[in-house]
Amino acid sequence: MNRAARVLELLAERGQTLAAAESLTGGLVAAELTAVPGASQSFRGSVTAYATALKRDLLGVDETLLAERGAVDPEVALQMAVGARFRLGADWGVATTGVAGPEPQDGQPVGTVYVAVAGPVGAGKVAALRLNGGRAEIRRESVRSVLELLDDELSGNARAQDTEQNGGN
């Protein structure tokens, strides 16, 4: 089972939903998820906020943060994931932001990527990636990485719920 199918299955089992906020991946996360039959049961939709102003206006990313650090930043990724959750009314949000190339952006080298997950409980999680390869490879690996991060969060969350339900045993 591919990663997208796995996360959608885990979400469906819980009756939870997912939204995505994408920058450098330009809709590839949504495409990967919607390629799975039955995705509409859990996937609510996505915002492709390629322009920095859209990260602020559509996803609620802090304007000062964007001005000081630029769009390629771990806190920006997390705020994008939270914004996707909130704006699209989902239990979980994922986000991708980074530099796919061919030129550096915001002082960050090509291959600098941040992927984030925000869930119903807790502050969320961000992974910093330093990817090699061309533009297409960096974008594909960003999709794989954000779905892996979500899978890890859902799986860890499921284990915690099982432990609570079984009295900690």
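Buried here means under 20% relative accessible area, exposed means over 50%, and partly exposed is in between, with a 1.4 Å probe and protein chains only.

Before going on, a word on where this comes from. This is a predicted model, in which local features need pLDDT of at least 70 and side-chain atom pairs count only at pLDDT 80 or more, while totals for chains, interfaces and linings use all residues. Residues are numbered from 1 along each chain as its sequence is written, and side-chain values use heavy atoms, with hydrogens and water left out.

β4 covers residues 112-118, and seven of the seven are buried, so the strand is largely enclosed by the rest of the structure. Strands are DSSP runs of E with at least two residues, helices are runs of H or I with at least four, and both are numbered from the N terminus. As a reminder, side chains in a regular strand alternate between the two faces of the sheet.

Now the neighbours, where two strands pair if DSSP finds at least two bridges between them. Strand β3, residues 92-98, runs antiparallel to β4 and is joined to it by six bridges; T97 has Y114 as its bridge partner. Strand β5, residues 125-130, also runs antiparallel to β4, again with six bridges, and there V115 stands opposite A127. The β4 and β5 hairpin has six residues between the strands, and G122 takes a positive phi near 95° in this hairpin.

Let's move to charges. A salt bridge is a side-chain nitrogen of Lys or Arg within 4 Å of a carboxyl oxygen of Asp or Glu, and the count comes to eight. In helix α6, residues 135-165, R144 and E141 lie three residues apart, about one turn, and their side chains meet at 2.5 Å, N to O. R144 also bridges to E148, at 2.4 Å; those two are four residues apart in α6, so about one helical turn separates them. R144 is partly exposed at 37%, as are E141 at 26% and E148 at 25%.

What about R69 and D73? Their side chains form a salt bridge at 3.3 Å, N to O. R69 is partly exposed at 45%, whereas D73 is buried at 7%. Finally, a network of salt bridges links R3, R6 and D151.
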